[in-house]
Every structure is written in C-alpha cells, then in structure tokens.
Amino acid sequence: MGRIFVVDLEGRTYRCKFCKTHLALADELVSRAFHCRRGKAYLFNNVVNITFGPHEERMMLSGMHTVADIFCCCCGQIVGWKYEAAHEKSQKYKEGKYVLERGRIIDGVDSEFYIDTRPSTSDAEDA
C-alpha cells in the first residue's frame, strides 16, 4: 500500500465523523433532502479523500441506480455513495454526484465539545 495523500479544504467543510478528515466543502452541497437506511443524507457535486467500492445496481426510493459506496480514505468507514448512473430519465441529474450520510459526517463548525443549550425536543420533532 502506498502513502495516502489527503486534501485539506479551505472554508466551511464537512468531515468524517470518525477521523475528522475533510470530505466536502459546504459550497458543493446540492441538497439536504436525501435519505438513506440510517437517516438523513446530503447530495454533493464533489467529494474528496474517499475511495470507492464496486459498482452495483441498487433499488432506491427514487428507482434503480448504479452506485458505488464511498469510504473515508483515512479510516475506511463507509460515508455514503456515488451515483454512477440513473435508469430513470427524471433521476439523471444525480449522475456523477455524491451522497454523504448525515450520521457519518460532521459540519466543520461543529465541535467535539459543543453543548446544545436549546430546550430538548422529542424524537418526533425535526429541529
């Protein structure tokens, strides 16, 4: 195995939750309205510091897609997937874009020591 070169992004970033490696710039965010098996997900134009799994056909809520899982290049955790091809005409805009699972990334302005001082909400409410 060769040496891993990591790209450091400047500006507001999204990072791997597990090792804090930069994954995407906030400017590359296309949509926050995506979902995955584990919860919310974000669609990005471009992502860095990742490796790819094999291409596979996957049935998703929006139809059949050819996707490849993406992994953090530093810690190896799965962080989302890349849309390689969409089989339905209305979904072609996703091709070449990346989805990062919200539960596996942190916002660059988040801190490990952040304390939420807002009143707590129930699980049914979406803050």
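How many salt bridges does a search of the whole structure find? The search finds six, a salt bridge being a side-chain nitrogen of Lys or Arg within 4 Å of a carboxyl oxygen of Asp or Glu. This is a predicted model, in which local features need pLDDT of at least 70 and side-chain atom pairs count only at pLDDT 80 or more, while totals for chains, interfaces and linings use all residues. Residues are numbered from 1 along each chain as its sequence is written, and side-chain values use heavy atoms, with hydrogens and water left out.

**Asp-107 and Arg-12**

- Asp-107 forms a salt bridge with Arg-12, in which the closest N and O atoms are 2.3 Å apart.
- Asp-107 lies in strand E9 (residues 105-107) and Arg-12 in the segment before strand E1 (13-16), so the pair ties together parts that are 95 residues apart in sequence; strands (E, at least two residues) are DSSP runs, numbered from the N terminus.
- Asp-107 is buried, with a relative accessible area of 6%, whereas Arg-12, at 40%, is partly exposed; buried means under 20% relative accessible area, exposed over 50%, and partly exposed in between (1.4 Å probe, protein chains only).

- The side chains of Arg-38 and Glu-101 meet in a salt bridge, at 2.8 Å from N to O.
- This pair links distant parts of the chain, 63 residues apart, with Arg-38 in the loop between strand E3 (29-36) and strand E4 (39-44) and Glu-101 in strand E8 (residues 98-101).
- Arg-38 is exposed, with a relative accessible area of 51%, whereas Glu-101 is buried, at 6%.
- Glu-101 also meets Arg-104 in a salt bridge (3.4 Å, N to O), and Arg-104 counts as buried at 15% relative accessibility.
- Through salt bridges that share partners, Arg-38, Glu-101 and Arg-104 are joined into one network.

Notes:
Helices (H or I, at least four residues) and strands (E, at least two) are DSSP runs, numbered from the N terminus.
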